[in-house]
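Here's a friendly walk through one protein model. Have a look at the sequence and the 3D view, then read on.

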Amino acid sequence: MGMAKEFKEFALRGNVVDLAVGVVIGAAFGKIVTSLVNDIVMPALGYAIGGVDFGDLAIELKAATVDAAGTEIPAVLIKYGAFIQTVVDFLIIALAIFVAVKVMNSLKRKEAASPEPPPAPSEEVKLLTEIRDSLKSR
């Protein structure tokens, strides 16, 4: 029973919940960026270059063949076009994370730069200060 209680305390800690939310949002963001790159950026870039489809760019190391049993053996390809798409994916995600961290850091700096003024002294402290000052002046 102690282990279940300990796990519950661990799982409900703020950092674990924040991490879980971050992972879910990150996965969704990754899918959005992948779609952006595959469906918008790369086709537009390919069109601008001259009608190149990056998904089809590959170096064929060995052509597809059919063995004696009639089974087709697929070609051996180095798909550098898919690699380029993945690199663009990564760069967009890295840029977005960089911007988010930069914004968070600037907010933290503003928070640290403007500390709250100390609270005003209580009436008792003011009265004691007046008594001290009057005793000093005698």
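This is a predicted model: local features need pLDDT of at least 70, side-chain atom pairs count only at pLDDT 80 or more; totals for chains, interfaces and linings use all residues.

Let's start with a pair of side chains: D89 and T34 make a polar contact through their side chains, at 3.0 Å. A polar contact here is a pair of N or O atoms within 3.5 Å; within protein, one must be able to donate a hydrogen and the other to accept it, and residues adjacent in sequence count only if both atoms are side-chain atoms. D89 sits in helix α3. Helices (H or I, at least four residues) and strands (E, at least two) are DSSP runs, numbered from the N terminus.

Is D89 buried or exposed? D89 is buried, and it has no salt bridge. Buried means under 20% relative accessible area, exposed over 50%, and partly exposed in between (1.4 Å probe, protein chains only). The nearest side chain of opposite charge is K31, 12 Å away. In that count Lys and Arg are positive and Asp and Glu negative, while His and the chain ends are not counted.

Residues are numbered from 1 along each chain as its sequence is written, and side-chain values use heavy atoms, with hydrogens and water left out.

The protein chain has a mean pLDDT (the predictor's confidence in each residue, from 0 to 100) of 86, and 98% of its residues reach 70 or more.

## Salt bridges

Side chains of opposite charge can pair when their charged atoms come close. A salt bridge is a side-chain nitrogen of Lys or Arg within 4 Å of a carboxyl oxygen of Asp or Glu, and the structure holds 2 of them.

One joins E123 and K126 (3.8 Å, N to O). Both lie in helix α4 (residues 123-137), 3 residues apart, which is about one turn of the helix. E123 is exposed, at 61% relative accessible area, while K126 is partly exposed, at 38%. R132 also forms a salt bridge, with D133, where the closest N and O atoms are 3.2 Å apart. R132 counts as partly exposed at 44%, and D133 is partly exposed at 38%.

## A nonpolar patch

Which residues make the nonpolar surface patch of about 930 Å²? They are I59, L61, V76, I78, Y80, F83, I84, V87, F90 and L91. Patch residues have over 30% relative accessible area and no salt bridge: like charges are joined within 9 Å, nonpolar side chains (Val, Leu, Ile, Met, Phe, Trp, Tyr) within 5 Å. Areas come from the Shrake-Rupley method with a 1.4 Å probe; for residues, only the protein chains shown count as cover.

β1 (59-62), β4 and α3 (80-113) each give two or more residues to the patch. Helix α3 gives the most, with 6 residues. F90 lies in α3 and is exposed, at 56% relative accessibility.
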